[in-house]
Amino acid sequence: MRKNSGFIYVIITCLVFLNVFVYSKIITREIPEIVYENTENTQNLPENEDENGKNELDENYKYITVTENDAKSGPLILVNTLYPYDFDAFPTVVHTEENASVYYNKTDSYFVKDINVSLNKTTISAFNDFIDDFYSSVGKKCVIITQGFRTYEEQKEMLELKIRQYGENQTVAQKPGFSEHHTGYAMDISTYENNIMGTFTGENEYAFIFDNAYKYGFILRYPQGKEDVTGISYESWHFRYVGVPHAQYMYENGLTLEEYIKLLSLYPFESGHLKITDKNTLEEYEIYSVKVDANSASVPVPKDENAVYSISGDNTGSVIVTIKK
Ligand SMILES: [Zn+2]
């Protein structure tokens, strides 16, 4: 009996040890395995991408690399007291056209103050179409562009002039670097009738300009009632090119560029995209934003070679992709 019970004791002791050993093996094996698998999956996935996004991506999208400078360039860049214009940002992907003299590139439907007024070429072209139609509507040449692109130095001089005129607390001119005029996408217009320049207020036949600007990609940048959002008093004369269909969406929904850029941040690639139908052409657009966190980011764009799309920075750390469907 003693021999048998001793044997059983040895067997039981062995079983207990074996059990603890196996159990501990399972525990210690499982934890690193889970961690390992997760790490592998995360590494295989593109930045900011989940499984669903990846599946969709594989079918219809490819990746392109954008730089920090791309996020600071293009027709959707927001320039205000919080987000200065970066004069040294040279984009690699965002398509920008250099500024050109309005005088040498405009149609005969409007005036320009002098040959030194310059704007982004896309902006001049869109403004030509816009004011050609205005001219056809009212039958007279009565609009003049007085201000376009401004250098850092020009803004500095303007600020100093306004401070001399109105004192240190003036709100007319922005500090150099923080004016939207640095972008080349913004302009000031006046009326010009019988050789007399007048403040553009959009009254009477000039209402055409307020009512139709969005069709050509322009917005009234500092509207009445939005002073607390833009930080700038109502300016009935300052227009900004952002492009179709963005201008239409802002016009229809009463959004400033500040509000629209914030809204677009709610449409990352992985979520539902913003869809806009151009009322005039009935063309459909799909829009999403991609954060450029570090120095660069991978941006999904349509794989189809015939797809028409554009990329613009928003100057707040993202690029916006606009696809024409
Ligand atoms: Zn202006």
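Modeller: Gladly! Let us start with contacts: two residues are in contact if they have heavy atoms within 4.5 Å of each other. Take Ile64, which lies in strand 1 (residues 61-67). Leaving aside its neighbours within four places in sequence, Ile64 touches Val93, Ala297, Ser298, Val299, Val301 and Ile311.

Colleague: Before we go on, what is the mean pLDDT of the chain?

Modeller: Where pLDDT is low, the predicted coordinates should not be read in detail. Here the chain has a mean pLDDT of 86, with 82% of its residues at 70 or more. Residues 12-54 call for care: pLDDT stays under 50 there, and the model has 15 contacts beyond four places in sequence for that stretch.

Colleague: And how many helices and strands does the chain have?

Modeller: Nine helices and 14 strands. Of the 325 residues, 41% count as buried.

Colleague: Which strands form the open sheet, and in what order?

Modeller: First the general idea: strands of a sheet pair through backbone hydrogen bonds, either parallel or antiparallel. In this model, four strands make an open sheet in the order 10-11-14-13, with antiparallel pairing. At the edges are strand 10 (274-277) and strand 13 (308-313), each of which pairs on one side only. Neighbouring strands of this sheet are turned by 25° against each other on average, direction ignored. Strand 13 and strand 14 (residues 318-324) pair over six bridges, and Ser312 stands opposite Ile320 in strand 14.

Colleague: Which strands does helix 8 touch when it packs on the sheet?

Modeller: Helix 8 (residues 246-253) touches strand 10, strand 11 (284-291) and strand 14, and its direction makes about 90° with that of strand 10. Helix 9 (residues 257-264) also packs on the sheet, touching strand 10, strand 11 and strand 14, at about 125° to the direction of strand 10.

Colleague: Which residues of helix 8 are buried?

Modeller: His246, Ala247, Gln248, Tyr249 and Met250 are buried in helix 8. Their cover includes strand 8 (218-222), helix 9, strand 10, strand 11 and strand 14.

Colleague: Where do His181 and His238 lie?

Modeller: His181 is in the loop between helix 5 (152-166) and strand 6 (186-193), and His238 is in strand 9 (residues 235-241), so the pair ties together parts that are 57 residues apart in sequence. His181 is buried at a relative accessible area of 4%, and His238 is buried at 1%.

Colleague: How many residues of strand 9 are buried?

Modeller: Six of its seven residues are buried, so strand 9 is largely enclosed by the rest of the structure. Strand 6 runs antiparallel to strand 9, joined to it by three bridges, and Met187 stands opposite Phe239. Strand 8 is also antiparallel to strand 9, with four bridges, and there Phe218 stands opposite Tyr241.

Colleague: Last topic: which peptide bond is cis?

Modeller: Most residues other than glycine have a negative phi, and most peptide bonds are trans. Here the bond from Val244 to Pro245 is cis, with omega near 10°; Pro245 sits in the loop between strand 9 and helix 8. As for phi, Asn194 has a positive value of about 50° although it is not a glycine, and Asn194 is exposed at 72% relative accessible area. Asn204 has a positive phi too, about 55°, in the loop between strand 7 and helix 6 (207-212).

Definitions and conventions: Residues numbered from 1 in each chain as written. Predicted model: local features only at pLDDT ≥ 70, side-chain atom pairs only at ≥ 80, totals over all residues. Heavy atoms only, no water. Pairing = 2+ DSSP bridges. Helix = DSSP H or I, 4+ residues; strand = E, 2+ residues; numbered from the N terminus. Axes fitted to C-alpha atoms, helices over the stretch in contact; angles between N-to-C directions. Buried < 20%, exposed > 50% of the residue type's maximum accessible area, 1.4 Å probe, protein only. pLDDT = per-residue confidence, 0-100.
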